[in-house]
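Please read these notes with the model open beside you.

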Amino acid sequence: MGCGECGGRVRKAETEAVCEDCGLVLSEDAIERGPEWRSLDEDADRRRTGAPLTASRHDRGLSTEIGFGTGSEVSGKRQRQLVRMRRQHNRARLESKAERNKLYAHTEIRRLVSVMSLPTSVRDQSCSLFSSAQSEDLLCGRSLEGFAAAAVYATCRTQSIARTMDEVVDVARASKEELKTAYDALNRDLGLPVGPISPTEYLPRYASDLGVAAEVESRAREYAVVLVESGRVAGKNPSGVAAACLYKAADEAGVPIKQRDAADLAAVSRMTVSSTVRDIETVE
DNA sequence: ACGATTATTGCGTTCTT
DNA sequence: AAGAAAACAATAATCGT
């Protein structure tokens, strides 16, 4: 696939293939095969047919409308009938809209809770949280998927079940931005009872993933408490702090563990663990 | 009152020992 | 493999319109 003229690399643009070295246009394709519109959703498979899909609208923008233009004159009686039909059609649609939204969101919440192996109490609370958001009109202009994910994340926060936002995003059908805006709205307008996350909340799960002894975990817990009370971890990622405490505790217990392993577990960099470990040492 | 811009600080990268 | 430092990005605060 080199250039026939100079043998250089060939770069394929939308409609033509060009040699990067000599600029020779190797082939032209008059048909632009890309999507008609800019894709706002990276993994959407948008083709050139059909109406644009809108995730933020409950029906993805595909609902039926009874139009006004008739094409021909209609009698006054028929006009009044059409007005009535439009009104009733819209009313019926509005109610089914909320119902369908709720059904869709609940299905999504069930899926999330299931793949994340969370208890059913989380599922139920997430669903009712979503319903609250819905009745407070928080959904308009925001994505349903984002709210479903945010409801699950928020429930974990209120129940002190240690899950990071990233962990939810990984399995959610929403981007991190969507989850964030939805969660912010939830937090602001519903006043969630969430405090700052303590690093200790992550310890049990990380300890078992790391396969360290219970004594190591409890030692790590002491480190975490000391660190929190010294105010040294204010604003720091609690997940990373938990990983650092575990590393320090395991290291002192003579468990051959690498900073890298602890860091990967908490989805932070090796340096974050390293610097927090140093914080533990200075606090003592 | 809102929006933009700046400043602070944690975080990840790269280089070094 | 662990530590050090310059560069980065996100968030919070301040200023200007």
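1. How do the residues of the surface near DNA strand C divide into nonpolar, polar and charged? There are two nonpolar, two polar and four charged. Here Ala, Val, Leu, Ile, Met, Phe, Trp, Tyr, Cys and Pro count as nonpolar, Asp, Glu, Lys and Arg as charged, and the others, Gly among them, as polar.

2. A word on the source. This is a predicted model, where local features need pLDDT of at least 70 and side-chain atom pairs pLDDT 80 or more, while totals for chains, interfaces and linings use all residues. Residues are numbered from 1 along each chain, chains are lettered from A, and side-chain values use heavy atoms, without hydrogens and water.

3. The residues around DNA strand C are K180, Y247, K258, Q259, R270, M271, S274 and R278. "Near" means a heavy atom within 4 Å.

4. Polar side-chain atoms of K180 and S274 each lie by a phosphate oxygen of DNA strand C, K180 at 3.2 Å and S274 at 3.1 Å.

5. Now the rings. The whole structure holds two aromatic pairs (centres within 6.5 Å; planes under 30 degrees apart are stacked, over 60 edge-to-face, the rest tilted). Y153 and Y183 are edge-to-face, with centres 5.0 Å apart and planes at 75°. Both Y153 and Y183 are buried (under 20% relative accessible area). Y202 and Y206 are stacked, at 5.6 Å and 20°.

Terms used. Polar contact = N/O pair within 3.5 Å; in protein donor to acceptor, adjacent residues only side chain to side chain. Phe/Tyr/Trp six-rings, centres within 6.5 Å; stacked < 30°, edge-to-face > 60°. Buried < 20%, exposed > 50% of the residue type's maximum accessible area, 1.4 Å probe, protein only.
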